[in-house]
Amino acid sequence: AKLLVLHGPNLNLLGEREPGIYGRTPLSSIDAGLQADAERAGHTVECMQSNAEHELVDRVQAARRDGTAFILINPAAFTHTSVALRDALAAVALPFIEVHLSNPHTREPFRRHSYFSDVALGVIAGFGADSYRFAMDAALGWLDRRAA
Ligand code: DQA
């Protein structure tokens, strides 16, 4: 199956951006790890990062027609602001996991609300770059069970 990995705003700076909170692993290493995990399980992955809300909305909309079976998304700051991106995910009706490097519940109060959690299959947060690995593992398990 085809999986889509989406990264929201400022995640292009991963590795240099507030490393005490987000760790020192660059986004390119995270994407390479996810690619390897999915390919080992016989799946394919496309990764995309954007700082622009409309680009993420457009990519999610396109997933409806391009054979995407599953989405992993770290909406980053859009987690707390974007009704548009939430609506796009609801519109395509594909299963998705919400991923965060940090645990937003331990941080500022404005990070406690997510526009995604109640429509996500699940949420993985607080494990740094490993959050993505755990999310991929969950997605691969879900796809396996669906195929069985
Ligand atoms: C984040 C948490 C968000 O609150 C923040 O705006 C981010 C990254 C995370 O992965 O921990 O940019 O999604």
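## Tyr 22 and its surroundings

Leaving aside neighbours within four places in sequence, Tyr 22 is in contact with Leu 14, Arg 17, Leu 101 and Ser 102; two residues are in contact if their C-beta atoms, placed from the backbone, lie within 7 Å. This is a predicted model, in which local features need pLDDT of at least 70, side-chain atom pairs count only at pLDDT 80 or more, and totals for chains, interfaces and linings use all residues. Residues are numbered from 1 along each chain as its sequence is written.

Tyr 22 sits in helix H1 (residues 19-22). Helices (H or I, at least four residues) and strands (E, at least two) are DSSP runs, numbered from the N terminus. Tyr 22 counts as buried because 20 C-beta neighbours lie inside 10 Å. The cut-offs are these: a residue is buried if 20 or more other C-beta atoms lie within 10 Å of its own, exposed if 12 or fewer, and partly exposed in between, with C-beta atoms placed from the backbone.

## The annotated pair

For "active site", an unreviewed UniProt entry lists Tyr 22 and His 100. UniProt positions are given in the numbering used here, feature names are shortened, and annotations may be inferred rather than shown by experiment. Although the two are spread over 79 residues of sequence, they cluster in space, with a largest C-alpha distance of 9.2 Å.

His 100 belongs to strand E4 (residues 96-100). With 24 C-beta neighbours inside 10 Å, His 100 also counts as buried. Beyond residues within four places in sequence, His 100 is in contact with Asn 74, Ala 125 and Ser 131.

## Helices H2 and H5

Now to a pair of packed helices. Helix H2 (residues 27-40) and helix H5 (residues 130-147) pack at an angle of about 25°, with axes 10 Å apart. That makes H2 roughly parallel to H5. Axes are lines fitted to C-alpha atoms, for helices over the stretch in contact, and angles run from 0 to 180 degrees between N-to-C directions. Angles under 35 degrees count as roughly parallel, over 145 as roughly antiparallel, 65 to 115 as roughly perpendicular and the rest as oblique.

On the H2 side, the meeting residues are Ile 30, Gly 33, Leu 34, Asp 37 and Ala 38, and on the H5 side they are Tyr 132, Arg 133, Met 136 and Leu 140. By class, the residues of this contact divide into 6 nonpolar, 1 polar and 2 charged. Here Ala, Val, Leu, Ile, Met, Phe, Trp, Tyr, Cys and Pro count as nonpolar, Asp, Glu, Lys and Arg as charged, and the others, Gly among them, as polar.

Leu 140 is partly exposed, with 19 other C-beta atoms within 10 Å. Setting aside neighbours within four places in sequence, Leu 140 is in contact with Ala 38, Ala 41 and His 43. The C-alpha atoms of Leu 140 and Tyr 22 are separated by 25 Å.

## Helices H3 and H4

Helix H3 (residues 53-63) and helix H4 (residues 83-92) pack at an angle of about 5°, with axes 9 Å apart. H3 is therefore roughly parallel to H4. H3 brings Glu 53, Leu 56, Val 57, Val 60, Gln 61 and Ala 63 to the contact, while H4 brings Ala 84, Leu 85, Ala 88, Leu 89 and Val 92. This contact has 9 nonpolar, 1 polar and 1 charged residues.

## Leu 4 in strand E1

Leu 4 lies in strand E1 (residues 2-7) and is buried, with 24 other C-beta atoms within 10 Å. Not counting residues up to four places away in sequence, Leu 4 touches Glu 46, Ala 63, Thr 68 and Ile 71.
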